[in-house]
Amino acid sequence: MTTVKDIRVALTKALKAEYPNVKVYGFDTVEGYERPSFFVYVTQTFYEPTINVTHKNVNIEIDYIQQTPDEADALSFFERMERLFCQKLQVGERFLNTSDLQMYFDGENKNIPCFEMDVEFYSEIEKEPDTTPLMGEVIYDEEVKRWDYL
């Protein structure tokens, strides 16, 4: 079953491959981060289980903290994110569909490039194998008669 943690790990791996010298942080880092860096936020926005599968929606936000604000570098970041995640996000051996890609500037001065997307997927619910013994031979000793209701 694909988890939010699996998605977070896949995002970090993809960002590290695209930007090998840029650190990736999460919501738990508020001070002491290096520049340039990424802040990645993964939030599950929908969860619906059935007996065999779960249906999930996950929102992903990637904030790019630049060394110094640079519009050309920010636009390059947007292009690279779009190319990297435009249709699929590889999570392990799965390729999850991405949708609603958004690129915008955020922050107090509107100078932090942000990339956002949604991922919707289904996962099989892993179940323990049923080890209950099956019913053996059935011996039925009573004759069933047909009733005539006419």
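## Basis of the description

The model is predicted, and for that reason local features need pLDDT of at least 70 and side-chain atom pairs count only at pLDDT 80 or more, while totals for chains, interfaces and linings use all residues. Residues are numbered from 1 along each chain as its sequence is written, and side-chain values use heavy atoms, with hydrogens and water left out.

## Overall form

The chain contains two helices and six strands, where helices (H or I, at least four residues) and strands (E, at least two) are DSSP runs numbered from the N terminus. Read from the N terminus on, these elements follow the order α-β-β-β-α-β-β-β.

The radius of gyration of the chain is 26 Å, whereas a compact globule of 150 residues would have a value near 15 Å; this radius is taken over C-alpha atoms, and the globule rule is 2.2 Å times the number of residues to the power 0.38. Along the principal axes, the C-alpha atoms fill a box of roughly 90 × 35 × 25 Å.

## Surface and contacts

The accessible surface of the chain comes to about 11,000 Å², and 50% of this surface belongs to carbon and sulfur atoms; the areas come from the Shrake-Rupley method with a 1.4 Å probe, and for residues only the protein chains shown count as cover. Of the 150 residues, 31% count as buried, a term that means under 20% relative accessible area, with exposed meaning over 50% and partly exposed lying in between (1.4 Å probe, protein chains only).

Among the contacts in the chain with a separation of 6 or more, 54% are between residues 24 or more positions apart, a contact being heavy atoms within 4.5 Å.

## The nonpolar core

The largest nonpolar core has 26 residues, of which Ile7, Leu11, Phe38, Ile60, Ile62, Phe77 and Phe85 touch the most other members. Such a core is a set of buried Ala, Val, Leu, Ile, Met, Phe, Trp, Tyr and Cys residues joined through side-chain atoms within 4.5 Å. At least two residues of this core come from each of α1 (4-18), β2 (37-49), β3 (53-65), α2 (71-85), β4 (88-91) and β6 (112-124), and α1 gives the most, with five residues.

## Salt bridges

A search of the whole structure finds four salt bridges, each being a side-chain nitrogen of Lys or Arg within 4 Å of a carboxyl oxygen of Asp or Glu. Glu18, Arg80 and Arg83 are linked in a network of such bridges. Arginine 80 pairs with glutamate 18, their closest N and O atoms being 3.0 Å apart, and this pair joins helix α2, which holds arginine 80, to helix α1, which holds glutamate 18, across 62 residues.

Glutamate 18 is buried at a relative accessible area of 16%, while arginine 80 is partly exposed at 25% and arginine 83 is exposed at 53%. Elsewhere, the side chains of aspartate 106 and lysine 110 meet in a salt bridge (3.8 Å, N to O); aspartate 106 is partly exposed, at 32%, and lysine 110 is exposed, at 54%.

## Cysteines

The whole structure holds zero disulfides, a disulfide being a pair of cysteine sulfur atoms within 2.5 Å. The sulfur of cysteine 114 lies 20 Å from the closest cysteine sulfur, that of cysteine 86, which is too far for a bond. Cysteine 114 is buried, with a relative accessible area of 1%, whereas cysteine 86 is partly exposed, at 40%.

## Backbone details

The peptide bond from arginine 35 to proline 36 is cis, with omega near -5°, and proline 36 sits in the loop between β1 (23-25) and β2.

Aspartate 100, in strand β5 (residues 94-106), has a positive phi of about 55° although it is not a glycine, and this aspartate is partly exposed, with a relative accessible area of 45%. Lysine 110, found in the loop between β5 and β6, also has a positive phi of about 55° without being a glycine.
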